[in-house]
Protein chains: 2
Amino acid sequence: MDVPPVRPAALRAGDLVMLVSPSGPTRPERVARGVELLESWGLRVALAPDVYARHGFLAGTDAQRLADLNGALRDPGVRAVVCTRGGYGVQRIVDGLDLAAVRADPKIVVGFSDITALQLALWRGTRLATVHGPGAAWLDERTGPASAESLRAALFTAKPVVVARDPAAETAGVTVGGTAAGTLLGGNLCLLSASLGTPDFPDLTGAVLLLEEVQEPPYKIDRMLTHLRRAGVLRGLAGVAVGQFTGCADEWAVSIVDVLGERLGDLGVPVLGGLPIGHGMGQRTVPVGVPAILDAVTGTLTAEAAVHDTEV
Amino acid sequence: MDVPPVRPAALRAGDLVMLVSPSGPTRPERVARGVELLESWGLRVALAPDVYARHGFLAGTDAQRLADLNGALRDPGVRAVVCTRGGYGVQRIVDGLDLAAVRADPKIVVGFSDITALQLALWRGTRLATVHGPGAAWLDERTGPASAESLRAALFTAKPVVVARDPAAETAGVTVGGTAAGTLLGGNLCLLSASLGTPDFPDLTGAVLLLEEVQEPPYKIDRMLTHLRRAGVLRGLAGVAVGQFTGCADEWAVSIVDVLGERLGDLGVPVLGGLPIGHGMGQRTVPVGVPAILDAVTGTLTAEAAVHDTEV
């Protein structure tokens with residue numbers, strides 16, 4: 001955790017970004033708004049050859065998706081790799097990532113949800129700081145102007161990213177006061193659980209763990225957190241940043257807040273709930289793999305940028 | 001894997017069995033038929049004090065469930081611990097199991113689904129052979145006379161258990177020919193995935209891995225199998241026994257057979273599909289933690305008994 005992260009250069013108008021689909025399939029109409037936004041910031045947008053491929057629940061065969069991903073990571077003209085969406089499938093190909101290409105020419109990698117597994121693999125292999133934010137399959141009704149500005153700032157500026165707790169958010173109540181400093185790591189809880197026992201699960205000693213989830217019932221959230229606890233990986237944690245747990249329905253009259261409070265509240269570290277990070281309304285972008293400060297008293301998560309200034 | 005399993009004594013008429021609920025909650029009317037069956041075999045049935053307790057999605061608090069489980073395991077009068085059902089929750093308490101009591105007086109432990117995690121913990125801590133079979137929450141429409149006789153035989157006799165493939169079963173088509181011999185280990189795929197990275201995940205070197213699942217979509221089955229593959233735990237496997245994958249719906253026009261065939265078919269070991277073991281119709285009981293022979297040519301799984309003859 002003491003090794004500084006590898007930071008790609010911040011984007012500038014005119015830069016080329018490439019859309020890839022390393023997980024689930026998408027369609028042109030679903031990414032149209034995302035492309036429009038990226039272009040509105042002066043970026044040029046290229047599509048990976050098989051970005052719209054389909055192979056069951058995957059965006060093409062493993063060979064297609066890996067070729068697209070490595071093609072984008074190797075292309076010296078590409079400055080950011082923007083995943084269209086999550087879904088499922090990147091774990092099937094991450095062991096074939098061209099890590100040497102990433103080390104030789106670090107690029108911004110944007111995505112979340114299933115893309116957490118890609119970000120964990122890149123962190124393990126290269127210590128690349130990445131960007132936990134909306135994919136190109138942009139939904140204005142969920143990710144409005146503030147979400148767009150949050151993504152833009154994370155891509156174009158080396159300023160720290162500050163995300164404030166929404167006191168009205170469902171998970172706001174799981175907060176345990178205190179402050180913590182450490183590398184911000186994590187993302188989607190399912191993908192963290194499904195990485196335990198693999199080399200990609202990060203060392204969380206001294207880290208601030210980011211957690212978000214979508215459409216998992218409370219008992220499965222409990223199972224995943226119990227999995228992390230029983231594997232011993234939460235022992236040296238500095239703090240927990242709790243994002244959105246969207247559509248995590250309440251079949252058993254046990255709320256997601258009950259489960260998060262019970263499984264995280266006794267870890268002896270600060271927990272900041274109610275962060276607008278995840279699959280819910282108003283999703284904010286946050287860098288991962290960077291030093292961060294969790295302030296569960298004032299209710300802010302402050303993370304260093306994933307990018308470095310191109311002027312420096 | 002070379003250490004022989006610890007086998008409890010086979011049941012005899014007049015023996016006392018205790019019903020416990022270490023995972024999800026149940027009700028008296030749901031176990032009435034199971035109690036009737038057990039009593040019809042001449043057994044006396046006792047209820048753990050909190051067998052009908054409720055605490056959200058759990059059958060009582062962790063303290064209640066652990067006290068019931070350890071109470072049953074410690075009671076010298078009890079010869080079998082029969083779990084009422086799975087659900088979720090046993091992982092929350094398995095680290096508190098009284099393993100010394102199990103070693104001092106090994107008892108039959110029956111259950112499946114979430115109970116896989118209990119059976120893995122007992123295997124890790126004591127090498128206890130256990131019984132993968134229906135809980136006391138018995139459903140005649142799903143588990144008819146042949147299921148009842150299969151459970152009875154596994155509890156009362158030390159004869160090997162033979163389970164034959166149903167050629168009409170959904171997963172019959174994933175078979176890869178060949179024969180394998182090894183310790184039969186496993187059960188519910190979710191619980192195996194959720195045990196990776198914990199000390200309870202068994203060494204599968206030379207083992208025959210039993211897999212079954214319920215109500216998980218194909219992409220999640222793929223994720224769990226990919227998790228096992230990426231964790232490296234399937235490398236020394238002798239074979240795979242594929243049970244029922246019940247209600248694993250087909251949202252993406254990818255069948256569960258496609259996923260199982262693709263993720264298991266290239267392991268280089270025999271795979272026997274179509275076994276009536278799991279959450280589906282006609283569930284058969286099979287011992288786990290015992291030497292077994294998987295014959296993917298004739299279509300049978302033969303396992304040594306989990307129990308030893310009381311006459312010997």
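Reply: Of the 312 residues of chain A, 62% count as buried. The model is a predicted one, and the values that follow are computed from it. Chain A holds 8 helices and 13 strands. Its radius of gyration is 18 Å, close to the 20 Å that the globule rule gives for 312 residues, so chain A is as compact as a globular protein of that length. Along the principal axes, the C-alpha atoms of chain A fill a box of roughly 50 × 45 × 35 Å.

The contacts and the surface of chain A can be described in turn. Among contacts between residues at least 6 apart in sequence, 82% join residues at least 24 apart. The accessible surface of chain A comes to about 10,600 Å², and carbon and sulfur atoms account for 54% of that area.

B:Thr26 sits in the loop that runs between strand E1 (16-20) and helix H1 (28-40) of chain B. The relative accessible area of B:Thr26 is 1%, under the 20% cut-off, so this residue counts as buried. Neighbours within four places in sequence are left aside in what follows. In short, B:Thr26 is a loop residue that is buried.

Conventions:
Residues are numbered from 1 along each chain as its sequence is written. Chains are lettered from A and ligands numbered from 1 in the order in which they are written. This is a predicted model: local features need pLDDT of at least 70, side-chain atom pairs count only at pLDDT 80 or more; totals for chains, interfaces and linings use all residues. Side-chain values use heavy atoms; hydrogens and water are left out. Helices (H or I, at least four residues) and strands (E, at least two) are DSSP runs, numbered from the N terminus. The radius of gyration is taken over C-alpha atoms; the globule rule is 2.2 Å times the number of residues to the power 0.38. Buried means under 20% relative accessible area, exposed over 50%, partly exposed in between (1.4 Å probe, protein chains only). Contact means heavy atoms within 4.5 Å. Accessible areas come from the Shrake-Rupley method with a 1.4 Å probe; for residues, only the protein chains shown count as cover.
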